Amino acid sequence: MPVQELFGQPLKAVNVGLESFAASLEDQGIAVAHVDWRPPLEGYIELTYTASGAAIDAANSAAIERIRKGRPLLVGMGIARDVIPGMGEHRILHAGPPIGWDRMCGPMRGAVMGAAVYEGWAASYAEAAEMAAAGAFAFDPCHHHHAVGPMAGIISPSMPVFMIRNDTYGNVTYATQNEGLGKVLRYGAYGDAVLAHLKWMEQDLYPALVRALELTGPIDLRSLIAQALHMGDEVHNRNRAATSLLFRQLTPAILQTSSNEIALKVLKFIDSNDHFFLNLSMPAVKSMLEVAEGMEGCTLVTVMARNGTDFGIRVASMPDQWFIAPAPMVQGLWLPGFSEKDANPDIGDSAITETGGVGGFAMAAAPAIVKFVGGDSSLALSVTQEMYQITAGEHEFFTAPVLNFRGTPLGIDVRKVMATGILPFINTGIAHKEPGVGMVGAGLVRAPKKCFEDAFKALKELEYT
Amino acid sequence: MITRVTIKSGEYYDSVTLLQVAQGLLAMPGVADAAVVMGTPANKGLLVESDLLTPEVEAASPDDLVIAVCASDEPAAAAALSASEILLKASRQTTPAGGDLQAPPKTIGAAIESLGENVNIMLVSVAGRYAAGVAREALNRGLHVFLFSDNVSVADEIALKELAREKGLLVMGPDAGTAIINNVALGFANVVPQGPVGVVAASGTGLQAVTCYMPREGVGITQAIGVGGRDLKSEVGGIMMLEGLKALQADPATHVILLVSKPPSSDVAEKVLAQVRLSTKPTVVLFLGGNPEAIAESGAIPTADMEEAAAVAAAVALGQNPADARINLRQREMSYKKRAAELRKRLAPGQQYFRGLFSGGTFCYETQLILKDMGIAVQSNAPVAKHLRMADSNKSAGHVAVDLGEDEFTVGRLHPMIDPTLRNRRIVQEAKDPETAVIFLDVVIGYGSHDDPAGEAVKAIKEAQAIARAAGREIIFVASVCGTADDPQDLGLQEAKLEVAGVMVLPTNAAATRLAGHVLDF
């Protein structure tokens with residue numbers, strides 16, 4: 001608005017800094033919005049163009065458009081060694097950025113030991129640990145193989161996996177079947193009961209689901225997630241509605257294709273496990289996000305993942321690089337008998353949900369979940385609203401009723417995180433720090449700023465200006 | 001250790017609520033462990049490990065709510081069980097309807113969005129190293145900027161002002177304490193009525209002074225644009241003074257223009273005066289301590305101090321002869337001489353020095369200039385000439401004018417317009433000096449300033465007089481209040497508080513300085 005137009009117009013002001021200035025304006029009857037401002041992160045400068053002169057904003061808008069258009073379908077299942085690209089025979093996939101046995105946290109080691117015995121590579125857990133230490137297994141991040149895994153995120157060759165195809169672009173992602181809560185491999189628990197349950201999932205659950213899916217045909221996960229967000233889920237830490245919706249879709253097919261005995265067990269299992277859908281929401285979001293990988297000039301985050309030791313992010317224009325920082329501790333509530341001192345640092349690929357605009361970013365749709373941190377429902381709203389300030393766009397299909405069906409915040413822009421100092425919010429479970437124990441609580445955590453500072457530095461080194 | 005259990009049949013709670021209740025119980029004295037869970041097989045499994053699985057729990061169904069505590073004794077267990085009831089009930093209490101759904105915006109973009117259409121200005125007062133970035137974002141979003149922050153580099157200032165000029169926007173600052181746009185006070189500014197005079201000033205207190213003095217002559221303002229103290233230095237080149245001037249020249253509501261600054265560098269003065277020449281609107285110029293001739297040559301009306309600048313601008317606006325305004329001021333000054341002669345009689349032998357304690361930098365500067373004209377050389381921490389710099393700003397010797405708003409006093413401390421502590425301490429310190437004759441104060445009110453600066457000063461004035469009287473002396477306090485009747489603190493009330501405490505209150509800083517000068521004019 002040129003100066004001449006300012007004169008005589010009612011002032012409408014934004015105030016950044018001293019709050020008393022805003023109060024003075026309010027006292028004079030002027031509309032003013034005070035910014036709860038904080039300084040940018042270390043090293044921030046404005047970045048507008050790539051080295052070749054392309055506009056970063058345009059690249060990001062194009063990426064948002066691609067992600068929004070994604071349509072993840074559950075198209076089938078398979079055994080990891082047969083379907084996951086590059087899986088091979090002795091490879092173990094894990095959550096988070098790359099890590100070797102020497103630096104692995106307790107729960108991830110526990111899960112590796114469990115998986116090695118499950119695969120029959122080791123006769124005992126002690127032997128499994130020795131073999132791992134001796135380098136008998138190749139470790140690779142799930143994210144290097146179009147896969148995601150919650151918590152320890154261990155995928156070994158014999159494990160059955162869901163296959164999710166992004167119908168718009170054709171890319172396929174993978175995740176194991178969710179084991180339920182309590183003593184489970186993904187939380188680092190191992191032992192005969194854990195392995196017996198895994199075997200049951202491989203021998204009874206998996207075939208039953210394969211048969212059912214043949215009958216149902218592809219299941220539209222985008223639609224399921226969209227509905228679940230309207231039923232109080234954010235599909236990371238709360239999957240009760242989504243699991244129920246899936247249960248409705250699968251039940252007739254399971255009854256039709258399995259014996260009564262198997263069907264009963266399978267349905268009881270899915271019904272008792274509110275998190276069953278997590279292992280579908282994660283690869284669904286992954287399939288939507290990975291189409292942005294490699295887009296030149298795009299400063300959006302395509303991966304946030306933790307291995308319990310390190311927290312890592314990846315950025316669309318630098319798809320092969322990880323930017324890592326020590327995994328933070330999660331603030332949360334504890335299961336009976338546990339406390340903060342038992343907790344492992346943040347772990348799991350499940351932050352893919354936040355990366356893709358659901359999970360913590362969609363907390364406004366899931367007010368019940370805030371009780372994990374002892375807040376009230378306004379916290380859920382404020383978290384989502386805060387995340388709009390670091391994202392480049394909004395979802396088309398995933399919306400929050402309480403925000404008048406506004407699309408959830410989508411596409412974390414490294415530049416905006418740097419400029420505002422607002423770090424992405426993640427809703428997550430907490431594993432015990434020792435192998436073999438399992439889940440100890442759940443809570444909220446913010447991504448570490450160092451990841452974003454380092455990624456930003458790399459963008460500057462690409463001569464973005 | 002004892003384990004006590006309550007089963008509540010058919011009560012459903014979300015597992016997260018239950019976790020939270022358990023957390024609450026665990027925080028209670030004597031409670032070693034607690035579980036508040038639905039009676040599902042999985043949950044029962046968890047309770048086995050915590051030794052909370054009693055036969056009652058074992059019998060519970062998945063629809064039953066199980067509350068189990070392990071406590072040091074019976075009272076602790078009972079307290080925990082009853083607390084669980086309260087916590088569960090509390091979890092169902094909804095927050096009052098109509099709660100604030102809007103989170104406070106954390107970014108400029110979100111703030112703009114929250115205001116809707118036609119946002120037109122941003123006030124920036126973040127730390128200097130961030131200010132340029134924030135201001136640039138505002139300009140890029142098409143907003144005018146009031147840039148209060150100091151410590152912005154000259155290079156950033158130039159870049160911001162060039163960008164603003166390109167976009168037809170104002171950058172008021174950096175280090176601009178004051179602006180009044182559409183009669184709305186921004187930052188440290190006063191409630192000034194509407195009128196025909198438009199002001200552009202490179203001095204915060206200068207702008208405050210002239211805009212407060214004009215209403216006393218019955219004249220209000222259109223706009224008062226503060227451009228920051230460095231704008232008229234040759235590096236910056238007066239970019240915003242020129243833009244502001246052009247805007248007021250083009251503004252149909254503005255009939256008289258008043259420019260206020262310390263003397264600009266000659267190239268900038270030339271540019272500004274050349275722009276003045278382009279308009280037929282009467283323009284009053286105060287280059288404080290500068291040469292009036294070049295101003296007169298440009299067709300503008302030169303003035304010597306803020307009182308005169310305001311009086312002349314008001315007279316022009318009212319269609320009167322500016323010479324009459326000058327005559328009125330001189331006549332008033334004559335009366336001060338008589339008053340001063342009376343006041344001087346109160347001084348004991350040895351009481352001979354002027355001690356000016358300022359919160360406004362331009363007042364400090366103006367006072368030194370006026371006293372210099374009266375033949376009184378005053379030392380200062382912000383001197384009008386290098387050789388007049390105080391050896392130690394914290395210790396007065398001879399005639400001094402201390403600017404307590406200078407960086408040396410404000411690092412890690414609030415500005416004296418907001419926090420009177422430092423000046424009050426200095427008032428008492430000066431009272432202990434047997435050579436102190438006059439303690440001189442500027443009291444600045446309006447938005448931004450302390451709620452009751454006169455009331456605060458009076459506390460120290462009383463203490464100072466008590467100290468002086470105990471030593472057989474009386475100190476002459478002279479002050480002026482910069483403000484208007486419509487300011488939140490109320491000009492009349494502030495003046496009255498000072499007068500009741502025995503302070504000589506004059507309408508302007510210049511008038512007060514002249515009275516003090518005559519007191520000391522032996």
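Mentor: The C-alpha centres of domain 1 and domain 3 of chain B lie 70 Å apart. This is a predicted model, in which local features need pLDDT of at least 70 and side-chain atom pairs count only at pLDDT 80 or more, while totals for chains, interfaces and linings use all residues. Residues are numbered from 1 along each chain as its sequence is written, and chains are lettered from A and ligands numbered from 1 in the order in which they are written.

Trainee: Into which domains is chain B divided?

Mentor: Domain bounds come from an automatic or database domain assignment. For chain B this gives domain 1 (2-92), domain 2 (108-326) and domain 3 (332-520).

Trainee: What does the domain assignment of chain A give?

Mentor: Chain A has domain 1 (3-35), domain 2 (56-66 + 293-461) and domain 3 (72-284). Taken over C-alpha atoms, the centres of domain 1 and domain 3 of chain A are separated by 54 Å.

Trainee: How many residues of chain B are in contact with chain A?

Mentor: A contact requires the C-beta atoms of two residues, placed from the backbone, to lie within 7 Å. By that rule, 61 residues of chain B are in contact with 51 residues of chain A. Elements giving two or more residues to the chain B side include α1 (15-26), β2 (31-38), α6 (128-140) and α9 (239-250) of chain B. Helices (H or I, at least four residues) and strands (E, at least two) are DSSP runs, numbered from the N terminus. By class, the chain B side has 35 nonpolar, 21 polar and five charged residues. Here Ala, Val, Leu, Ile, Met, Phe, Trp, Tyr, Cys and Pro count as nonpolar, Asp, Glu, Lys and Arg as charged, and the others, Gly among them, as polar.

Trainee: Which strand of chain A is joined to β4(B), and by how many bridges?

Mentor: Two strands pair if DSSP finds at least two bridges between them. Strand β1 (residues 12-16) of chain A runs parallel to β4(B), and four bridges join them. A:Ala13 has B:Ile121 as its bridge partner.

Trainee: In what order do the four strands of the open sheet in chain A come?

Mentor: The order is β7-β6-β3-β8, with antiparallel pairing. β7 (172-176) and β8 (219-220) of chain A are the edge strands, each pairing on one side only. Two bridges link strand β3 (residues 72-79) of chain A to β8(A) in the antiparallel sense, and A:Leu73 is partnered with A:Asp220.

Trainee: Where do α9(A) and α7(A) bend?

Mentor: The bend at a residue is the angle between axes fitted to the seven residues ending there and the seven starting there. α9(A) bends by about 40 degrees at A:Leu250, with the proline A:Pro252 following within four residues. In α7(A) the bend is about 35 degrees, at A:Met201. Just after α7(A), A:Gly217 takes a positive phi of about 75 degrees.

Trainee: Is A:Thr243 buried or exposed?

Mentor: A residue is buried if 20 or more other C-beta atoms lie within 10 Å of its own, exposed if 12 or fewer, and partly exposed in between, with C-beta atoms placed from the backbone. A:Thr243 has 26 C-beta neighbours inside 10 Å, so A:Thr243 counts as buried. A:Thr243 lies in α9(A) and touches A:Ile270, A:Asp274, A:Phe276 and A:Phe277, not counting residues up to four places away in sequence. Other buried residues of α9(A) include A:Leu246 and A:Leu250. The buried residues of α9(A) pack against α7 (192-216), α8 (221-229), α10 (260-272) and α11 (278-289) of chain A.

Trainee: What does B:Arg326 count as?

Mentor: With 16 C-beta neighbours inside 10 Å, B:Arg326 counts as partly exposed. B:Arg326 lies in helix α13 (residues 322-344) of chain B.

Trainee: Why is strand β14(A) described as largely enclosed?

Mentor: Seven of the ten residues of β14(A) (residues 391-400) are buried, so the strand is largely enclosed by the rest of the structure. β14(A) pairs with β15(A) (residues 406-412) in the antiparallel sense over five bridges, and A:Glu394 stands opposite A:Pro409. The hairpin of these strands has five residues between them, and there A:Asn404 takes a positive phi near 60 degrees.
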